[in-house]
Amino acid sequence: MGRYVKELKSGKLKIDTAKVKQEKKLDGKYLLSTSDQHLSAADIALGYKQLLEVERSFRTLKGPLTLRPIYHLKDDRIRSHVLICWLALLLIRIAEVETGITWPRIKRTMQRLNLVEFLTKDGRILQHTELTPDQRNILNKLKIKPLKTVFKVDLAA
């Protein structure tokens, strides 16, 4: 917001209304560029919107994987990044089509599934929380076998 605020000689801050009005004129407008002069403005805008959706899908995918930011300098890495984004979007679309549920709702529902660790004097047990009816429904529609409740048992020797 610093670019819309100016400091007066007295040290007080004041909103620069001229800059705010100037920015208002650009609200809802896009500046798009392309190297293909044969594309229509609508096709270019659609391409950018699809790119944003693919990137959002990748962010959704990399969140649980805790991937670091990616900076690409080589063409093969750029192509790989785009492929992974495309695959993430494809998986999301398949999940939405097969379940009839939006991705945010699928994600929110499935994130409630947790892995719990129980420590005893005899060892350690990893167990999933019990599936809710909504979670079971999503897994069934995606033809994914429900997880076993007890994931792993490590007994002390």
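User: Is M110 buried, partly exposed or exposed?
Analyst: Keep in mind that this is a predicted model. The relative accessible area of M110 comes out at 21%. Buried would need a value under 20%, and exposed a value over 50%. Since 21% sits in between, M110 is partly exposed.

User: Which helix holds M110, and which residues does M110 touch once those up to four places away in sequence are left out?
Analyst: M110 belongs to helix α4, which covers residues 103-110. Skip the residues up to four places away in sequence, and what M110 touches is Q135, I138 and L139.

User: How far apart in space are M110 and L131, C-alpha to C-alpha?
Analyst: Along the sequence, M110 and L131 are 21 residues apart. In space, going from C-alpha to C-alpha, the distance between M110 and L131 is 9.1 Å.

User: What kinds of residues make the contact of α4 with α5?
Analyst: The crossing of these two helices, α4 and α5, is left-handed. On the α4 side the contact uses I106, T109 and M110, and on the α5 side D134, Q135, I138 and L139. Sorted by type, the residues of this contact of α4 with α5 are 4 nonpolar, 2 polar and 1 charged.

User: What is the radius of gyration of the protein?
Analyst: The protein has 5 helices and 5 strands, in the order β-β-α-α-α-α-β-β-α-β along the sequence. For 157 residues the globule rule gives 15 Å, and the protein is well over that, so it is more spread out than a compact globule. Its radius of gyration is 25 Å.

User: What percentage of the protein's residues count as buried?
Analyst: The C-alpha atoms fill a box of roughly 70 × 55 × 35 Å along the principal axes. Out of the 157 residues, the share that counts as buried is 16%.

Terms used. Residues are numbered from 1 along each chain as its sequence is written. This is a predicted model: local features need pLDDT of at least 70, side-chain atom pairs count only at pLDDT 80 or more; totals for chains, interfaces and linings use all residues. Side-chain values use heavy atoms; hydrogens and water are left out. Helices (H or I, at least four residues) and strands (E, at least two) are DSSP runs, numbered from the N terminus. Buried means under 20% relative accessible area, exposed over 50%, partly exposed in between (1.4 Å probe, protein chains only). Contact means heavy atoms within 4.5 Å. A crossing is left-handed if the near helix is turned anticlockwise from the far one by less than a right angle, and right-handed if clockwise. Ala, Val, Leu, Ile, Met, Phe, Trp, Tyr, Cys and Pro count as nonpolar, Asp, Glu, Lys and Arg as charged, and the others, Gly among them, as polar. The radius of gyration is taken over C-alpha atoms; the globule rule is 2.2 Å times the number of residues to the power 0.38.
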